[in-house]
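Trainee: I'd like to learn how to read a model like this one, feature by feature. Could we go through it together?

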Amino acid sequence: MDQDLWDAAKAYQGHLDKRTTFNTKQRPPNLLSYLLKCGECGGGMSIVSARRYGCSSARNKGTCNCRTTIGQDVLEEKVIGALRARLMEPELTKVFCDEYAATLNRLRMEQNAGITRYKKELAKVEKEMEKVYGAIIQGVAASFIAGKAKALEQRKHELVVCDVPAPPVCEAAVLRSHFQR
């Protein structure tokens, strides 16, 4: 192996060693960190004293009148209890799955409509390009239509590169069976 290749491999290896891994990424300090909002001002809520949440705007800026605090353990149990009690009911799971499936299918249909528009535009651009090439063959000066040809080539490239896969079709029955395990 030559020295340049070895140096390049070592440099890349050093780059890999410096990347943050899943285990070293900083996690939020608490379960509900960055998720809570004050009911009065809409500002964020944070730990304002030993294991108690309160309005950060009231505590730090004095711009909110809400001085109520709630214990971290009490709040976390209420949130987890509500999720456990309400989201795992079969009727609510069915509603969630149906809505989720409907939303995914709507997005898929919208995306497919967009893909169809792109394909039509691509066909139109290719047809225009054929006309430009035909004009050049007929003897029209290439410098006269160079700008048009360049613009068409650029647009064709944009359309070809824009290849977005459609999201999967989501069936509510499949989701329901998954969530009810």
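Trainee: Where is Ala135 found?

Mentor: Ala135 sits in helix H4. Helices here are DSSP runs of H or I with at least four residues, strands are runs of E with at least two, and both are numbered from the N terminus. Keep in mind that this is a predicted model, where local features need pLDDT of at least 70, side-chain atom pairs count only at pLDDT 80 or more, and totals for chains, interfaces and linings use all residues. Residues are numbered from 1 along each chain as its sequence is written, and side-chain values use heavy atoms, with hydrogens and water left out.

Trainee: What does Ala135 touch, not counting residues up to four places away in sequence?

Mentor: Contact means heavy atoms within 4.5 Å. On that basis Ala135 touches Val140 and Ile145. Ala135 and Ile145 are 10 residues apart along the chain, and their C-alpha atoms are separated by 8.7 Å.

Trainee: How do I read accessibility for Ala135?

Mentor: Buried is under 20% relative accessible area, exposed is over 50%, and partly exposed is in between, using a 1.4 Å probe and protein chains only. Ala135 has a relative accessible area of 21%, so it is partly exposed. Tyr133 is also found in helix H4, and at 34% relative accessibility it counts as partly exposed.

Trainee: At what angle do H4 and H5 pack?

Mentor: Axes are lines fitted to C-alpha atoms, for helices over the stretch in contact, and angles run from 0 to 180 degrees between N-to-C directions. H4 (residues 90–138) and H5 (residues 142–161) pack at about 155°, with their axes 9 Å apart. That makes H4 roughly antiparallel to H5, a label for angles over 145 degrees.

Trainee: Which hand does the crossing of H4 and H5 have?

Mentor: A crossing is left-handed if the near helix is turned anticlockwise from the far one by less than a right angle, and right-handed if clockwise. The one between H4 and H5 is left-handed.

Trainee: Which residues meet there, and how do they divide?

Mentor: On the H4 side they include Leu122, Val125, Met129, Val132 and Ile136, and on the H5 side they include Ile145, Ala149, Leu152 and Leu159. The contact divides into 14 nonpolar, no polar and 7 charged residues. Here Ala, Val, Leu, Ile, Met, Phe, Trp, Tyr, Cys and Pro count as nonpolar, Asp, Glu, Lys and Arg as charged, and the others, Gly among them, as polar.

Trainee: Which residues make up the largest nonpolar core?

Mentor: A nonpolar core is a set of buried Ala, Val, Leu, Ile, Met, Phe, Trp, Tyr and Cys residues joined through side-chain atoms within 4.5 Å. The largest has 10 residues, including Leu32, Cys38, Tyr53, Cys64 and Leu75. Another core, of 7 residues, lies apart from it, with Leu122, Val132, Leu152 and Leu159 among them.

Trainee: What about phi at Tyr34 and Arg51?

Mentor: Neither residue is a glycine, yet phi is positive: about 70° for Tyr34 and about 60° for Arg51. Tyr34 is in the loop between helix H1 (3–18) and strand S1 (45–49), and is exposed at 68% relative accessible area. Arg51 lies in the loop between S1 and strand S2 (52–55), and is partly exposed at 45%.

How values were computed
Angles under 35 degrees count as roughly parallel, over 145 as roughly antiparallel, 65 to 115 as roughly perpendicular and the rest as oblique.
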